[in-house]
Amino acid sequence: MELRVLQYFLTVAREGNITRAASLMHITQPTLSRQLMQMEEELGVKLFRRGKHNILLTEEGMLLRRRAQEIVDLAEKTTKELMHGEEEVSGEISIGCGETKNMRPLSEMMASFHQKYPDVNFNIYTAIADDVKERLENGILDMGLLLEPVEISKYHYVRMPLKEKWQVLMRRDSQLAEKQKITPKDLTGVPLIMAKRQSVRNELENWFGYDREKLRIVSTCNLSHYNQSVMVESGIGVALVMEFSCNQDTLCLRPFDPKIESGCVLVWKKNLTLSPVVQRFIEYVKEYLAGIEKDMNV
């Protein structure tokens, strides 16, 4: 498959209409239709379900869309890297990040690095650790900001300075809001909104100890404190979340008792030749974090 044809496919998948896609790509509709049919013949599968006015992806088409986007992103990233000389500190740094307050020190590092090297820009991809690691493995991301617990044996890493504290997000009119801290016993029978990532769920379930069989999980989420806040406000249940700034008028946070804290690491792949700009940023991050640690020990 040619990269050009994959770009055709992605445009059709996004637009859901061949005529509109052909116009956007400045080619004729018959040419685009022929390219798509040749792709289906080459792969031996049907990629689209064609209607009178639109087309939809089949299951095979949805799988190809995901892989095609990764291939196109990687090709664009490689092109940008090759366009910059080794001595020139410029280019793009792609970082995958979860929802963590360690985005603040990372953002401060990115801002100061960009001020020093204005020709560098950052591409941020927000997702859970499993998705970030997959993109690291595929070469689409340079680095990942991962919330522990997470398996990092394949990566070099630096530890970020802030600890994440687990809290219970609830409505202010909840009876639980009268408590200063929340114990596992307090949540017995209470509808819970929990993290979807299995390693995180294991840690949370261990916190419940012998009461874990009594958990009443009504929903799981992969990301978005905003979505969790809306669900809690709607009365679906209480959410087990990392500490964050919520709507104080309708919601409140209460810490776990006993407490749970999670660390956060910034990782990059071992045994991988990094672009000069990524190498320079890693050096900058190490120096920056070393300075923070030194200040804290003074």
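In which sense do strand S5 and strand S13 pair, and over how many bridges? The pairing is antiparallel, with 4 bridges between S5 (residues 143–147) and S13 (residues 264–269). This is a predicted model. Both strands belong to an open sheet of 5 strands.

**The open sheet**
- The strand order is S4-S3-S5-S13-S6, and the pairing is mixed.
- S4 (120–126) and S6 (155–159) are the edge strands. Each has a single partner strand, so one side of each lacks a neighbour in the sheet.
- On average, neighbouring strands of this sheet are turned by 25° against each other, direction ignored.

- Helix H5 (residues 103–116) lies across S3 (91–97), S4, S5 and S13. H5 runs at about 160° to S4.
- Helix H6 (residues 129–137) also packs on the sheet. H6 touches S3, S4, S5, S6 and S13. The direction of H6 makes about 160° with that of S5.

**Strand S7 and its partners**
- S7 (residues 164–171) is mostly covered, with 6 of its 8 residues buried.
- S7 pairs antiparallel with S12 (residues 261–262) through 2 bridges. Here Glu 164 has Ser 262 in S12 as its bridge partner.
- S10 (residues 238–242) pairs with S7 over 4 bridges, in the antiparallel sense. The bridge partner of Trp 166 is Met 242 in S10.
- S11 (residues 251–255) is also antiparallel to S7, over 5 bridges. Arg 171 stands opposite Leu 251 in S11.

Technical notes
Residues are numbered from 1 along each chain as its sequence is written. This is a predicted model: local features need pLDDT of at least 70, side-chain atom pairs count only at pLDDT 80 or more; totals for chains, interfaces and linings use all residues. Side-chain values use heavy atoms; hydrogens and water are left out. Two strands pair if DSSP finds at least two bridges between them. Axes are lines fitted to C-alpha atoms, for helices over the stretch in contact, and angles run from 0 to 180 degrees between N-to-C directions. Contact means heavy atoms within 4.5 Å. Buried means under 20% relative accessible area, exposed over 50%, partly exposed in between (1.4 Å probe, protein chains only).
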